[in-house]
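Let's take a walk through this one together, starting where the chains meet and then heading inside.

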Amino acid sequence: MKLVSIELTNFRQFLGTQHFALATTEGRNVSLLFGANGAGKTTLLNAFTWALYGEMSQDVEEQVRIANDSAWRATRIGDSLDVSVTVTFEHEGHSFKAQRHAAIRKASEAQTRVTPDIQLWITENGESRLSDAPQRKIDSVLPKQLSRFFFFNGERIDKLVHRKAYAEVKQDIKTLLGLEQVERALEHLPKVERKFSNELRKLGGERAADIQGQIETQQDRLGQLRTSLQRELDEIAALTEDREGVVDLLRQHSEAGPLQRQLDEAETALVDARRMRDRHEAERMQVIATKGFLAFSGVLADRSSELAAELHQRGSLPAPIKREFVDSILEARKCICDTDLLPGSRALLAVEGWREKAGLAEVEGAWQRLSGQVSNLRDARAELRTRIQTLTGDVTSDRASIDRLEGQVSELREMVRQLPLEEVSRLEGRRQDLQSQIDTHNGHLGVVRRDVADAETQIEQLRGQLRAAEVGDEQAQTAKRRMELVQTVEETLKQILEIRSADMKQRLDTKVKAVFAKITVKPFYPELNDDFELSLLQRHEDGAILPVPKSTGENQILSLSFVAAVSELAREVSAERAREEGVHQDWGTYPIVMDAAFGSLDLNYQREVSRALAEMAPQMVVLVSKSQGQGQVLAELKPYVNHLGVIVSHSTNTAQDSETIELLGRDFPYIRTGADSNWAELLEVTNDSR
Amino acid sequence: MSESPTDRTEAEIIASLSPEARVLLKRVLEIERGRLHLSAADTSAIEDIHTAVRGVLP
């Protein structure tokens, strides 16, 4: 999706028809607009989403008043006022013009809620047509739930990655990264399977149909369990968010803070120690499972060695002469001393006697190999003993560390709780209560997970029975084969989802880290866990990794990094799918329209963010105030700016002086006081404009 | 010990499928991708997938 222009008619602050071009050129992908506080930057941001979806963000006040106040007052009672926003854009080789419009009939001075209509013109090969399903088409270009990643207020973007929003964000990311269609297929395929099992039942495949009925029962059970699982996870996420909030307050408390930080370190060390213990125990179990048999091989090795020694002592091993040699002499009927071995002769009898004593080369060869392996067996056994002793020592040491750290954590918690400060005591009590609730839900979660695993095992076993079940006629067999085909595709998609989820999570984590590292000057780094939850961490000198209590600015940068990483990864995925599946490459490629990009950031961060902005998306529309956008920010962005503009604020206020803004070496209006009415004007600034 | 799906790549998993399964897999993903803009509660994909299966195994 590439924005070409936006046009507003009597929309909120914007009086009359205002137009702004947004198209990009090679190397210049930024449209930068300046506007004073209240000029209309947030309104312009919301104009995009109002045009595309009929909605504005929750922070916009007085949403009923969509008509410009001056234009509304000038409209007579009984007459209508046209209000519209038109967004033109390109996507998948077509041009689109989306216009949301309301002809508002004035019944009184107060504005009332209106239901605007939407029209969408699609131009292809020079011909335009009106879409029959404009909203559906717009949603197919950029689904509404994804729009928050691409149209947002920079000062509120941290809510995008707030823990409580994770469930929604996770789902939206899955759509962008090509995972949602797999998940939907996994919801729909069992229902398709049921259709075929009903057909099978009707065709008389009783046994197969009966087994399929049991599969469906288990699938229903699995569906309910998964809903319970998600409910538990959501509850744990919300409680964890609350607990982190309480712990943050404790960290910031002047007296409890130092103790809380020690507690953080001890708890992190405890988690690491438990992880290490689990790893050593698993390794020990693995060694025993794969090499444990060696422990019982001692007698075998010793006895084999004794037997070999006896044979050696008797002269049987190594044999002084090989049977193959004796056989060759007997066949030749002549000894190596040239004596003929005639039938019945003493020489023949003597040689035949040697044959009994001679050793087979094969046996000797096998014995040589075996004796080597007996030696290896002894070495492996000794190595096993050493390895198990080492691992057991590690586990014992880990357990001792865990005991010590648990004691430390308990003591520190008690010290925090006993601080003679009511506020701290209250916070600690709240933290404990939240932790207790989290532990309870974790317990439930464990049970549900076990039940899910059980249901999945049952389904797998029943499917095995189904494959083995015989059916009668050809039609029933076809129904059965169709059912099995659907099951195969379902199993394959489960594996694909697991692979893609792991791949996407890892790639997204890498990108978030890379974008964040370009912006921040502090030794922090973001980390994305398997549930696509984002946290900010710091590695301390002693190697401890601890969560960082984030400032508002750091939250904003973290969220910006996340959005930029999602945007970049969506484009990569889109390009990969275009190559592999013939999907058009534009899907997954979106602009970013951002208000208040630098709102909560200090000067250092403003410079770094502005440097990274141009690379965040193929097209950027950035709305800033004069105090934020000039200076370093403008200097960093200027090489990438294709459209420069001002949202001029016309004000009836006469107490203040008008204000200008210097751009391209000249002054342009910024705030114009003493106007007839209050309204906003979109002014594109070029070298020719005044 | 059973093989984890992440021990194989997506391409290897798909290559191990029968030709009918590969065709159906591709068709299922096309059907679902074409409906992403619809609510998750929409079930029109089910009928289309059912028809696709009958097309692969007539």
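**Where the chains meet**

Across the interface of chain B and chain A, 7 residue pairs are in polar contact, both residues at pLDDT 80 or more; a polar contact here is a pair of N or O atoms within 3.5 Å, where within protein one must be able to donate a hydrogen and the other to accept it, and residues adjacent in sequence count only if both atoms are side-chain atoms. Helix 1 (10-15), helix 2 (19-33) and helix 3 (44-56) of chain B each bring at least two residues to the side that touches chain A (helices are DSSP runs of H or I, at least four residues, and strands are runs of E, at least two, numbered from the N terminus).

Keep in mind that this is a predicted model: local features need pLDDT of at least 70, side-chain atom pairs count only at pLDDT 80 or more, and totals for chains, interfaces and linings use all residues. Residues are numbered from 1 along each chain as its sequence is written, chains are lettered from A and ligands numbered from 1 in the order in which they are written, and side-chain values use heavy atoms, with hydrogens and water left out.

Back to the interface. Chain B puts 34 residues into the contact and chain A 35, with contact meaning heavy atoms within 4.5 Å. The two chains bury about 3300 Å² between them, 69% of it on carbon and sulfur atoms; that is the accessible area (1.4 Å probe) that two parts lose on being put together, summed over both. On chain B's side, B:Leu36, B:His37 and B:Leu57 supply 20% of the area buried against chain A, more than any other three residues. There are also 3 salt bridges between the chains (a side-chain nitrogen of Lys or Arg within 4 Å of a carboxyl oxygen of Asp or Glu). One of them pairs B:Arg54 with A:Glu199, at 3.0 Å from N to O.

Now for the rings. Over all chains there are 6 aromatic pairs, counted when ring centres of Phe, Tyr and Trp (its six-membered ring) lie within 6.5 Å; planes under 30 degrees apart are stacked, over 60 edge-to-face, and the rest tilted. A:Phe11 and A:Trp50 have centres 5.0 Å apart and planes at 40°, so this pair is tilted. The pair ties together distant parts of the chain, 39 residues apart: A:Phe11 is in the loop between strand 1 (2-9) and strand 2 (17-21) of chain A, A:Trp50 in helix 1 (residues 41-53) of chain A. Both A:Phe11 and A:Trp50 are buried, where buried means under 20% relative accessible area, exposed over 50%, and partly exposed in between (1.4 Å probe, protein chains only).
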